[in-house]
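User: I would like to learn how to read strands and chain contacts in a structure. Could you take me through one?

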Amino acid sequence: MIGKMPEIRIDQGRCKGCDLCLKLCPKEVFQESQEIGAKGFRLRIPELSGQCSNCGLCKYFCPEGAIILDSECLLDEFWQQLQQIKKASQARGGWRKVKTLHPGKRFISGNTACAWAALDAGCRFFAGYPITPASEQSYEMERLMPHIGGVFIQMENEDASMAALCGSSLAGAKPMTATSDPGFERMLENLAFALTNELPMVLVVAQRTSPSTGRPTGTGSWLVRGARWGPHGGTEHIVLYPSTVQEMYHYTIKAFNLAERFRSPVILMLEASNAHLEEGVEIPQEIEVFDRIYIPEAPPFGPTEDGTVPSMPRFGDGEFLKVTGLTHNERGVPCANVPEVHEGLVKYQRRKIVSKIEELTDVEEYLLDDAEIMIVAYGHTARSARWAIKEARKKGMKVGMLNLRTLYPFPEEKVKEWSKVTKCVLIPEMNQGQLFYVVRESSFSPVISLPQPDGESIDPRRILHFLETMGGKYYQNITHILPPTIYDPPEWREEKGEIPEVSSSPQTPFCPGCGLGILRNCLLKCIQEMNWPLEKIVVASGIGCTARLPNHLPFDSANTTHGYPIPFATGVKLAQPDLHVIVISGDGDLFDIGAGLTIHGARRNLPISAICFNNFVFGMTGGQVAATTPLGAVTSTTTTGNKRLPLDLVRLMLGANAKYVARCPISKPLILKGILKEALCFDGFSFVEVVSPCLMGYGRRNELSSPSQIWQKLNQAYVAKEMAQEISETTLRKKFKSFLPFREEVKTEELWQIIYGRFSSLKEYVNLIPEE
Amino acid sequence: MRREIVIAGFGGQGIQRLGGTLAKALDNKGFLISLKSNYGPEARGGNSFSQVVVKESLEDWPEVLMVDILVAMSQEGYNAWISKTSLESKVFFDVDLVKTVPPSRARQYPIPATKVANELGSQIVANMVMFGAVAAVTGLLSLENLLVVIKKEARKFSDVNLEAVKEGYKLGGMFKS
């Protein structure tokens, strides 16, 4: 029986002019017309719509969803559905009082004080990687988290911990990590991501003796400038520097409250000498904690009109939350090409902190009223200075101390104020002199650095000795100096008119005929069939072409840093287990830079679906060779052919104990949809490799000049799992030069759904396994 | 009054345990204490030390400047710290482990801790024998204080530890008279 013939229409606004409809429609409905459209190609039209058999294949293969049958458009349906999502109805957040877990007098180490205080302040997510001298915080977290419904996870490195923190923060948790100088530097990329997306979190950095491995059991304060200037972008953020163990308890709570109030990562600096120090601590019965403010439907990012902190929804609130490391507007939508938006964003993020500098400044002015010499100190060294000052005062010397408990935003006004009335400023530091330069910038009197870069805490007698000998002589002959001022130019900008409004839309920026659109069709169709609520789906991606796909999906999504979508997704899933977490990223992201992290994602076996869009190259950056580029293939960085064997992603994932592994070429959209459905529903880590060579980066250079040619080639190389089991290995090898045998795994593990099929290049010498 | 105590020996003797127990006992008694231990493989397989400082105020310098009480359980530990003692210092050392005792201004207390511990049947409680002796001589802690903290800290092996600390307290008492 012949079904009703559908009414076929092509949305010319969406059509990008690839040749997929012309070549793939089994009934050859679509033809090129003589008319040339606004984009410069001959329009595609459903010329022979009378031949249509209503198979519906075009719904899948049109990457842009431009072919509309019976005025039904999958993309539009989803975007309409978005409008109807029920948003969380109640605002939340603000101050509340909580009971502490360990009230009373305790004798604990600095690390333990931090961990306990974090739990009291509401921290329920801790991700870390072992490093001296911060490891003890992990022990406490691992021990206590299960009892209070929190999550402790030891990640595979510090950057992964930081990515997990970003994910959990967006999923609503108050996260924390603890590390040391080398670990902190690994975290920087994701820290900058957290800074630009205004994610509340606390980083405890217990410093040791740097640079490099240095003296891992020594102490120091080698990161006092790195903590502020380490992350690229020089973003203003809060850095606290407690000194005693008692202070560590209070300042950890303060760090959490500030992080939540200002929506910013807060760094708490310890030193090995006080992180390992054990002292008596008085823990109050009750403390005040602040929870981030959420107002339904308010813009989730800055800049805000009055410079205040924006509302912070979490994934699953139905806010259609878009998170990206790119320059973004108030709704989180990327607008990387609008310079005004970027300037507005970074200026707002700086102002958010700097405008509150008076409130944030926390310094102790110790015996400064009549002081001639001012010691500026912080952390453990402040205790050393205090002893020296007491002794010096006994000898009649007028010395005082400015103890910096907030290191950044730098309490510049306090230094200015006191340096005007003192004759000399002395800065003892457990490094080669770092804060010295910062103080010098705002001091009215001469600044002397007293560095001690040996990895030991500064003996107070050393400071005393300096005061008694050198210090006095040095400053007597120097008169008034002025601190430098920063030239703040008046605003000037070429008139450009209105800033364009940017919002998340189904229109993708991808090349005509790109497989990413087809992957999106399959994914949306599959989600539609499963009837999953859109607000319960979160998609994480990394960097690259594929990573931009989630911006054009109707779910909460995050465009994380390069290689880190899986740790990020881990954070989201652990903090909010009822969300469906999907990772969609490219081969370069998941298997070049992020190979180690992807392996650990599989090993951990959390219910996350990872979809790797394997396009054989680095697509967005210009078609460079990737870990998946076939042998012999020409790329922009292997112009004479790739000489290295590619990674076999399926086997790699099987080796990493992933329980669901599949591979499918993009040319089999219906099979792909079936695989995606199984993967998304799989209770455990599932991995799907979607093979779809990049047209511009790979195809052009390897004699595949059109999308339809790629489809043809993929279909030739494709072997279904069932078939592969029947054909002998030798036959397969002959038939598909690049076939890799996985048959044994299939026999042993029924769960594993493996679609065999491997794209083989046209080059004759391509062969992944040498012929015997 | 500020008191600075250093316990020095080698890894495995329970130096950190002794430091920690002493610090907790003093903390229980109401003193303001800072405890600093060395860390890493050196502390487990090489020279180990533990610093306990009784402070006058909370924010006082928490590390050792001049050793008031030195407890040496190895020759290396003795040699490393003896130069930091003064005329008023009290130096406790294990007679079987510290053989070379150069003339020093400090008051010296030879304690046969390892020997006593062996007699009790467990060499690892030598640190507790020392603990008892130090408490008795310095008068910082009463036997009651010691017993309370040991019961809390060494739950599994509290019997032999309690016995050791009692023996040590007796040994220390002999020096007092």
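This is a predicted model: local features need pLDDT of at least 70, side-chain atom pairs count only at pLDDT 80 or more; totals for chains, interfaces and linings use all residues.

User: How many bridges join E13(A) to strand E2 of chain B?

Analyst: Two strands pair if DSSP finds at least two bridges between them, and strands (E, at least two residues) and helices (H or I, at least four) are DSSP runs numbered from the N terminus. Here two bridges join E13(A) to E2 (residues 32-37) of chain B, and the two strands run antiparallel.

User: How many residues does the contact take from chain A and from chain B?

Analyst: Residues are in contact if their C-beta atoms, placed from the backbone, lie within 7 Å. The contact takes 19 residues from chain A and 18 residues from chain B; on the chain A side, H13(A) gives the largest share, four residues.

User: Which strands stand at the edges of the open sheet in chain A?

Analyst: The sheet has seven strands in the order E8-E7-E9-E10-E12-E11-E19, with mixed pairing. Strand E8 (151-154) and strand E19 (406-408) of chain A stand at the edges, each with a single partner strand, so one side of each has no neighbour in the sheet. Within the sheet, E9 (residues 175-179) and E10 (residues 201-207) of chain A pair in the parallel sense over four bridges, and Thr177(A) stands opposite Leu203(A) in E10(A).

How values were computed. Residues are numbered from 1 along each chain as its sequence is written. Chains are lettered from A and ligands numbered from 1 in the order in which they are written. Two residues are in contact if their C-beta atoms, placed from the backbone, lie within 7 Å.
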